[in-house]
Amino acid sequence: MDQQSDHRLYITGVPLDVNEDGIRNIFGKCGEIQYCRMLNKKEGKQNQVAFVGYGTFREAESAILQFNNFQIGNNLLHVEMAKAKIPNSYNGPSSSDGGFCRGAMNGMGCGLGAFLP
């Protein structure tokens, strides 16, 4: 599935006893799940994180409306659209590659790297 048709959700607060099948069962009520991944459980954490992808924005939006602040046992789910991951080597556009750094901003380090420590 290409990324343009994959609408992924970032889900936190997933109880430790819920596995990928449980997430698919819960979130499958809002549409056909194209992608599902649980992050590794970390020692000492009381909950875990999951990503769920749908084929349409409407399905993803429905899941957010239905399951954000949804309680499972003692855990409260938080569901939002996942943000695109920017590679660590990305320094933002520059004037030399046709990016947005032109005119008064040119030469002032206006790529994202200028704002990172």
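I started with helix α2, where E59, A60, A63 and F67 are buried. Seen down the axis of α2, these buried residues fall within an arc of 100°, so they line one face of the helix. The arc is taken over the directions from the helix axis to the C-beta atoms. By buried I mean under 20% relative accessible area; exposed is over 50%, and partly exposed lies in between (1.4 Å probe, protein chains only).

A note on the source: this is a predicted model, local features need pLDDT of at least 70, side-chain atom pairs count only at pLDDT 80 or more, and totals for chains, interfaces and linings use all residues. Residues are numbered from 1 along each chain as its sequence is written, and side-chain values use heavy atoms, with hydrogens and water left out.

**More on α2**

I looked at the face of α2 turned away from its buried side. R58 and L65 are the exposed residues there. Next I asked what covers the buried residues of α2. The cover includes β1, α1, β3 and β6. Just after α2, I noted a positive phi of about 65° at N69.

**Helix α1**

Helix α1 covers residues 20–27, and its buried residues are I23, I26 and F27. Down the axis of α1 they fall within an arc of 80°, so they line one face of the helix. D21 and N25 are exposed on the other side of α1. I then listed what the buried residues of α1 pack against: β1, β2 (33–38), β3, α2 (57–67), β4 (71–72) and β6. Contact here means heavy atoms within 4.5 Å. At the start of α1, I found a side-chain oxygen of N19 within 3.1 Å of the backbone nitrogen of D21.

**Strand pairing**

I counted two helices and six strands in the chain. Along the sequence the pattern reads β-α-β-β-α-β-β-β. Helices (H or I, at least four residues) and strands (E, at least two) are DSSP runs, numbered from the N terminus. Two strands pair if DSSP finds at least two bridges between them.

Which strands does β1 pair with? Strand β1 (residues 7–15) runs antiparallel to β3 (residues 47–54), and seven bridges join them. In this pairing Y10 stands opposite F51. β1 also pairs with β6 (residues 78–81), again in the antiparallel sense, over four bridges. There L9 stands opposite M81.

**M38**

I looked up M38, which is found in strand β2. Is M38 buried or exposed? It counts as buried, at 16% relative accessibility. I left aside its neighbours within four places in sequence and listed its contacts: V14, V18, N19, E20, I23, Q48, V49 and A50. The C-alpha atoms of M38 and V14 are separated by 9.4 Å, and the two residues lie 24 residues apart along the chain.

**Cysteines**

I checked for disulfides (a pair of cysteine sulfur atoms within 2.5 Å). The structure holds zero. C30 counts as buried because its relative accessibility is 11%. C36 is buried as well, with a relative accessible area of 10%.

**Whole chain**

The chain has 117 residues, and buried residues make up 31% of them. I also looked at contacts with a separation of 6 or more: residues 24 or more positions apart account for 57% of these. The chain exposes about 8200 Å², and carbon and sulfur atoms supply 50% of that area. Accessible areas come from the Shrake-Rupley method with a 1.4 Å probe; for residues, only the protein chains shown count as cover.

Methods. A polar contact is a pair of N or O atoms within 3.5 Å; within protein, one must be able to donate a hydrogen and the other to accept it, and residues adjacent in sequence count only if both atoms are side-chain atoms.
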